[in-house]
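Let's take a friendly walk through a protein model together. Keep the picture in view as you read.

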Amino acid sequence: MADLLRRVADEGDLAAFRELYQTYGPRVKAYMMRQGADAATAEDLAQETLLTVWRRASLYAEEKGSIATWIFAIARNLRIDRLRREMPWQELPESRFEQPSPDTPPDEALSEKERQGRVRAALAQLPPEQHEVVTLSYIDGLSHGEIAAHLGLPLGTVKSRMRIAYQRIRAALEDLQ
Amino acid sequence: MTITHHLDDATLMSFAAGALPAALAAVAAAHADMCPRCRREMLTMERLGEAVMASLIPAPLDSPEPATPAPGSDAGPGGDRNSSGPLGRLVGTDLGGVAWRWLGPGVWEHRLALKGAGKLRLLKVAPGHAIPEHGHRGAELTLVLRGSFSDRTGRYLRGDVADLDETVEHRPAVARTGGECICLIGSEASERFRGLLTRQWQRVRKF
């Protein structure tokens with residue numbers, strides 16, 4: 001994937017771009033639909049996410065997260081902008097990717113892939129009550145207070161479940177940081 | 001600048017998820033911009049976001065081809081729209097140019113435009129003054145931009161963020177020695193003041 005993005009950045013390679021689109025487009029579309037977008041809007045937002053990837057390809061820096069993580073951040077920002085118009089100001093630090101970096105050594109690329117695998121495994125192993133607050137945050141976009149109201153739980157319980165879930169994710173990455 | 005007060009883990013998770021109310025997200029973004037530790041944590045939480053997105057059943061695309069991209073990129077001169085940072089975009093680069101509104105003895109406020117829920121403002125407190133004891137109806141993030149303040153939860157210097165929820169009541173005070181304190185404050189809802197006098201203060205000043 002890193003190679004595809006480099007070809008987009010360096011050569012404006014449309015075939016590489018199409019491959020990125022076909023890999024990530026369906027995931028982004030599913031994410032947008034779960035956020036409440038209808039299929040046509042979700043498709044548009046997936047297209048727009050990938051166009052942003054095209055425009056910013058040369059700003060991506062691999063040591064700061066995998067391409068999939070970067071694309072998640074772009075899709076999330078677009079979702080905030082389009083689907084939740086009541087809270088449009090939430091520009092998140094994509095600026096982390098401002099500095100183009102020299103080619104990442106292969107071992108670093110490997111460890112980023114490793115990180116991604118471990119986070120996915122840790123997510124799959126979260127106890128149901130922690131998995132639920134993670135899903136309500138990332139997929140439903142609910143604030144702490146909204147989650148508390150939705151689940152009929154005290155705010156403190158919601159926050160402590162999120163903290164424990166976070167600690168588990170962090171612990172899964174510990175020896176790689 | 002040594003930052004010792006950071007965003008709560010639950011706040012970071014909501015922030016990375018894109019679920020933090022707008023006023024709080026603005027302050028969290030300004031803090032993260034100053035704080036390498038919270039930027040690293042944000043990345044971890046974005047990896048979790050990637051994992052959550054990857055766990056969804058992919059939705060097949062109607063169009064097998066991507067939209068044709070226009071030539072050019074955001075990388076060239078003038079393409080970097082983030083150069084001023086989140087704080088610069090909110091309040092400009094010079095705190096000296098802020099139009100302050102007097103709220104009470106030693107306390108000034110400047111409201112920042114925010115579409116959506118919550119309240120975002122700059123607050124300036126003169127040396128030796130304090131904000132009356134108050135709680136919050138929702139979460140509140142306070143980021144120190146200049147000077148320092150103290151309350152029952154600790155002492156906050158430039159770059160530190162106080163991440164408080166509705167369970168905390170406090171009376172932020174600025175030391176008599178040293179300069180004024182300027183903070184960026186994002187609130188989910190308005191403050192709840194204790195005592196009749198301070199409630200009147202709140203009403204008169206529309207605090």
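## About the model

This is a predicted model: local features need pLDDT of at least 70, side-chain atom pairs count only at pLDDT 80 or more, and totals for chains, interfaces and linings use all residues. Residues are numbered from 1 along each chain as its sequence is written, chains are lettered from A and ligands numbered from 1 in the order written, and side-chain values use heavy atoms, leaving out hydrogens and water.

## Where the chains meet

The contact (heavy atoms within 4.5 Å) takes 68 residues from chain A and 67 residues from chain B. About 6,100 Å² is buried between the two chains, with 63% of that given by carbon and sulfur atoms. Buried area here is the accessible area (1.4 Å probe) lost on putting two parts together, summed over both.

Nine salt bridges are found across this interface; each is a side-chain nitrogen of Lys or Arg within 4 Å of a carboxyl oxygen of Asp or Glu. A:Arg18 forms a salt bridge with B:Glu65, and their closest N and O atoms are 2.6 Å apart.

## The side of chain B

Helices H1 (9–17), H2 (22–34), H3 (36–54) and H4 (85–91) of chain B each give two or more residues to the side that touches chain A. Helices are DSSP runs (H or I, at least four residues), numbered from the N terminus. H3(B) gives the most to this side, with 16 residues.

## Helices that cross

Two packed helices are described by the angle between their axes and the distance between the axes. Helix H2 (residues 14–34) of chain A packs against H3(B) at an angle of about 90 degrees, with the axes 9 Å apart. That makes H2(A) roughly perpendicular to H3(B), a label for angles of 65 to 115 degrees. Axes are lines fitted to C-alpha atoms, for helices over the stretch in contact, and angles run from 0 to 180 degrees between N-to-C directions. A:Arg27, A:Val28 and A:Tyr31 of H2(A) meet B:Glu50, B:Met53 and B:Ala54 of H3(B) in this contact.

Within chain A, the axes of helix H6 (residues 128–138) and helix H8 (residues 155–173) come within 9 Å and cross at roughly 95 degrees. H6(A) is therefore roughly perpendicular to H8(A).

Notes:
Parallel < 35°, antiparallel > 145°, perpendicular 65-115°, else oblique.
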